[in-house]
Amino acid sequence: MSEKKKPSVWQGFKAFLMRGNVVDLAVAVVIGAAFTNIVNSVVKGVINPVVGAIGTQSLDSYSSCLTSSCRGTHGIQLMWGSVLGATLNFLITAAVVYFLMILPMSKYLARQAARKAAREGTKEVIEVTELEVLKEIRDALVAQRGSGPGER
């Protein structure tokens, strides 16, 4: 009886790392971290000064008090400015990712699919045409045999 050799933990780990999904995920995390710095710079350099023209330059300082007085750590404060800042951060990130990465990639993939479909369509037309020619040749040969001198 031959015993099947179980893969070692190391071999399983190497197979796991070599999967495309793991590598893609690692690249996405690195790109995302670098991209976060860009978005934060846009928020600090563009969005916050625009908000600063209206009120304070930092959205984090906007809050509302739920109790009658909020002084220091006393009272209940809703820090809605930081939520607004995080929401703006997210929306800017999502917009830039969509318009600079997703939209161009989907257009590129659609063009590639159209080219592939066109090539497949041309190949199909050629195959159909060859089949029709072969049928015509067969019909011509049958007609020649039928009208020849050695008919039965």
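This is a predicted model: local features need pLDDT of at least 70, side-chain atom pairs count only at pLDDT 80 or more; totals for chains, interfaces and linings use all residues.
## Aromatic pairs

A search through the whole structure turns up two aromatic pairs. In one of them, the ring centres of Trp10 and Phe13 lie 6.1 Å apart and the ring planes meet at 35°, so this pair is classed as tilted. Both residues belong to helix H1 (residues 9–18), where Trp10 and Phe13 stand three residues apart and are therefore separated by about one helical turn. Trp10 has a relative accessibility of 56% and counts as exposed, while Phe13, with a relative accessible area of 40%, is partly exposed.

The rings of Tyr98 and Phe99 also form a pair, with centres 5.1 Å apart and planes at 80°, and because planes over 60 degrees apart count as edge-to-face, that is how this pair is described. Tyr98 is partly exposed at 39% relative accessibility, whereas Phe99, at a relative accessible area of 53%, is exposed.

## The largest pocket

The largest pocket in the model has a volume of about 150 Å³. Its lining is made up of Asn40, Val43, Lys44, Asn48, Ser58, Leu59, Asp60, Ser82, Gly85, Ala86 and Asn89. Two or more lining residues come from each of two elements, helix H2 (20–54) and helix H3 (80–147).

How values were computed. Residues are numbered from 1 along each chain as its sequence is written. Side-chain values use heavy atoms; hydrogens and water are left out. Rings of Phe, Tyr and Trp (its six-membered ring) pair if their centres lie within 6.5 Å; planes under 30 degrees apart count as stacked, over 60 as edge-to-face and the rest as tilted. Helices (H or I, at least four residues) and strands (E, at least two) are DSSP runs, numbered from the N terminus. Buried means under 20% relative accessible area, exposed over 50%, partly exposed in between (1.4 Å probe, protein chains only). On a 1 Å grid over the protein atoms alone, a cavity is a set of points where a 1.4 Å probe fits but cannot get out, and a pocket is an open set with protein on both sides within 12 Å along at least five of seven lines; lining residues have an atom within 4 Å of a point. Grid points are joined across faces, edges and corners, and a volume is the space filled by probe spheres set on the points.
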